[in-house]
Amino acid sequence: MHPRASLSAISTFSWELDTDLAFYADAGITNVGISVAKLERFGWEEGTRRVVDAGLRVTNLIGLGPFHLAEPNRWGAQRERVVRALDTATEVGAECLVFTTGPAGPLPWEEAADALEAALAPVLPEARSRGVPFAIEHTNSLRVDVGFVHTLADAIDLARRLDAGVCMEVNACWAERALADTITAGADRFRLVQVSDFAVGTLSTPNRLVPGDGDIPLERVLGQVLAADYQGCFDLELIGPRIDEEGYDSACRRSIDRLTELLDTLGA
């Protein structure tokens with residue numbers, strides 16, 4: 001496994017934490033993204049202990065759950081969940097917390113950004129004090145149920161406003177206008193880059209592919225990221241019917257091999 005490659009627990013979406021950990025040990029996977037939802041189901045304390053005992057490099061903790069930005073009465077419970085995730089992130093040495101913004105509901109974009117700033121105001125300073133960066137993940141525009149930020153450029157702008165980081169989701173931005181310029185201007189905010197592939201003509205989401213099986217020009221895009229002096233990990237986030245059909249074991253192993261080859265080719 002390339003030292004800058006990582007495998008997200010989203011890639012084994014229906015497996016539970018203990019199955020993930022057994023797979024990592026068997027496959028020699030050392031760099032991982034851990035799912036908050038799987039930790040919750042397993043039990044926060046025991047799950048955290050199991051991750052620590054496994055000796056894994058935790059490149060990210062993902063899946064904090066969305067703030068419903070038009071419903072401030074619901075923010076308190078979500079803030080408590082974020083703080084609990086911060087506790088775990090500190091214990092396992094997670095390199096960032098990845099989150100989607102949450103749905104805007106009836107709010108226009110600008111008001112949703114204001115609401116997100118207010119919702120996060122009590123927790124961002126706590127994250128900074130612990131040295132755990134927040135990373136805003138932009139989402140496919142079909143996924144308004146989980147976020148209102150649908151371009152990498154908007155994610156970077158919002159991250160600068162909040163003094164937070166960015167999770168660049170290649171599957172959601174590879175066709176953006178002036179992508180290389182956006183990457184160059186915003187790479188100082190990147191805390192994680194998520195990698196997968198996509199077949200042009202696919203009409204459902206999420207429906208991702210093993211890198212190299214689809215049409216995203218990954219060598220060009222990742223090369224632009226590296227040229228912008230990004231120093232972090234490239235996290236494989238695989239999900240959808242094609243991954244389910246192949247099976248997690250095979251899809252993950254092939255993805256790690258493909259990403260390792262690509263990063264070696266690019267001199268990462």
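Strand 6, residues 165-169, is a mostly covered stretch of this predicted model: five of its five residues are buried. Look at which way they face: G165, C167 and E169 point to one side of the strand, while V166 and M168 point to the other.

| Pair | Partner strand residues | Sense | Bridges | Residues facing each other |
|---|---|---|---|---|
| Strand 5 and strand 6 | 134-137 | parallel | three | E137 and C167 |
| Strand 6 and strand 7 | 190-195 | parallel | four | E169 and Q194 |

To get from strand 5 to strand 6, the chain runs through helix 7 (residues 152-162), and this β-α-β crossover is right-handed.

Now zoom in on M168, which sits in strand 6. How buried is M168? Its relative accessible area is 0%, and the cut-off for buried is under 20%, so M168 counts as buried. M168 has contacts with H138, L152, C173, I183, F190, L192, V193, Q194, V221 and V225, leaving aside residues up to four places away in sequence. M168 and E137 are 31 residues apart along the chain, yet their C-alpha atoms are 6.4 Å apart in space.

M168 also turns up in the largest nonpolar core, which has 83 residues. Along with F134, F190, V193 and F234, M168 touches the most other members of that core. Helix 12 (residues 248-266) is the top contributor, giving seven residues. Nonpolar side chains in soluble globular proteins do tend to be buried together.

With residues up to four places away in sequence left out, F190 touches L152, I156, V166, M168, I183 and Y230. There's also a second, separate core of nine residues, with C96, V98, C167 and I239 among them. So much for the cores; on to the pocket.

The largest pocket has a volume of about 940 Å³. Which residues are closest to its centre? Of the 41 lining residues, they are E137, R143, V146, R208 and E237. The elements that give two or more residues to the pocket lining are helix 2 (36-42), strand 4 (97-99) and helix 8 (170-173).

Technical notes. Residues numbered from 1 in each chain as written. Predicted model: local features only at pLDDT ≥ 70, side-chain atom pairs only at ≥ 80, totals over all residues. Heavy atoms only, no water. Core = buried A, V, L, I, M, F, W, Y, C linked by side-chain atoms within 4.5 Å. Buried < 20%, exposed > 50% of the residue type's maximum accessible area, 1.4 Å probe, protein only. Contact = heavy atoms within 4.5 Å. Pairing = 2+ DSSP bridges. Right-handed = clockwise from strand over helix to strand, strands pointing away. 1 Å grid on protein atoms, 1.4 Å probe; cavity = no way out; pocket = protein on both sides within 12 Å on 5 of 7 lines; lining within 4 Å. Points joined across faces, edges and corners; volume = space filled by probe spheres on them.
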